[in-house]
Amino acid sequence: RVTIREAVRGLIEDGLVVRRHGSGTYVTRRPLIRNSLDVNYSYTDHFQASGLRPGRKLVGLRTRPATDDDAEALSLEAGTPIREIRRVRTADGRPAIFSIDRIPAALLTRPLDRSDYAGSLYRVLTDAGHPISHAEAILRPEVADKELANILDVSPGTPVQQLRQVDFDVEGNPVMLSDEWHVTSIIELLVYRRGPGPVG
């Protein structure tokens, strides 16, 4: 009985179950994955560490002129060729994230086939001499339209978490612009907030 009590207390502390006085202990409804935004890392590695089977599907790959929006984020001239990569990441076979990534084509000096883009784009950029130092991200809630709902296998109108991120290389140059849509029932985004410490 003592062992069970300690185990349940651990589950409560982890947020997996909740105790309601006079009623009982219940499993909480939580996403499968929690992703801390404090650190930039591979979703594939994170899914595996969470005990889920990761998957990636390349759904679009093209070279196109940079729009004004792309150009501003990546410090380019509008019309500069960029490589656009569209992918779906899955967790245990379920779509979790749809992403559209844009990289200036001039940074990718060697020919790449589709398999390179299905893997880690951070590895692609490292191989091209532009390892990532840091990123800046903006979060905003959205609802899935018909096209996005079809990609993520959710109902139209389902809330999703949209993240726009610019990755910078070790010299401080913006080298990748990404838009991601996260299925909130599968992946939860967390931010560690410091301070404020003693307040007078």
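The largest nonpolar core of this predicted model holds 18 residues, and those touching the most other members are F47, I97, F98, L148, L152, V160 and W181. Strand 6 gives the largest share, with four residues.

Leaving aside residues up to four places away in sequence, F98 touches V59, R86, R87, V88, L148, I151, L152, D179, E180 and W181. Among these contacts, L148, L152 and W181 are also listed with F98 as core members that touch the most others.

Turning to the strands, six of them form an open sheet in the order 4-5-6-9-8-7, paired in the antiparallel sense. Strand 4 (54-65) and strand 7 (132-143) lie at the edges, each pairing on one side only. From one strand to the next, the twist averages 15 degrees. Eleven bridges join strand 4 to strand 5 (residues 81-91) in antiparallel fashion, and P65 stands opposite P81 of strand 5.

The protein chain has a mean pLDDT of 86, with 90% of its residues at 70 or more. Helix 3 (residues 68-74) has the highest confidence, at a mean of 98, whereas strand 3 (residues 33-36) has the lowest, at 68. Where pLDDT is low, predicted coordinates should not be read in detail.

Methods. Residues numbered from 1 in each chain as written. Predicted model: local features only at pLDDT ≥ 70, side-chain atom pairs only at ≥ 80, totals over all residues. Heavy atoms only, no water. Pairing = 2+ DSSP bridges. Helix = DSSP H or I, 4+ residues; strand = E, 2+ residues; numbered from the N terminus. Axes fitted to C-alpha atoms, helices over the stretch in contact; angles between N-to-C directions. pLDDT = per-residue confidence, 0-100. Core = buried A, V, L, I, M, F, W, Y, C linked by side-chain atoms within 4.5 Å. Buried < 20%, exposed > 50% of the residue type's maximum accessible area, 1.4 Å probe, protein only. Contact = heavy atoms within 4.5 Å.
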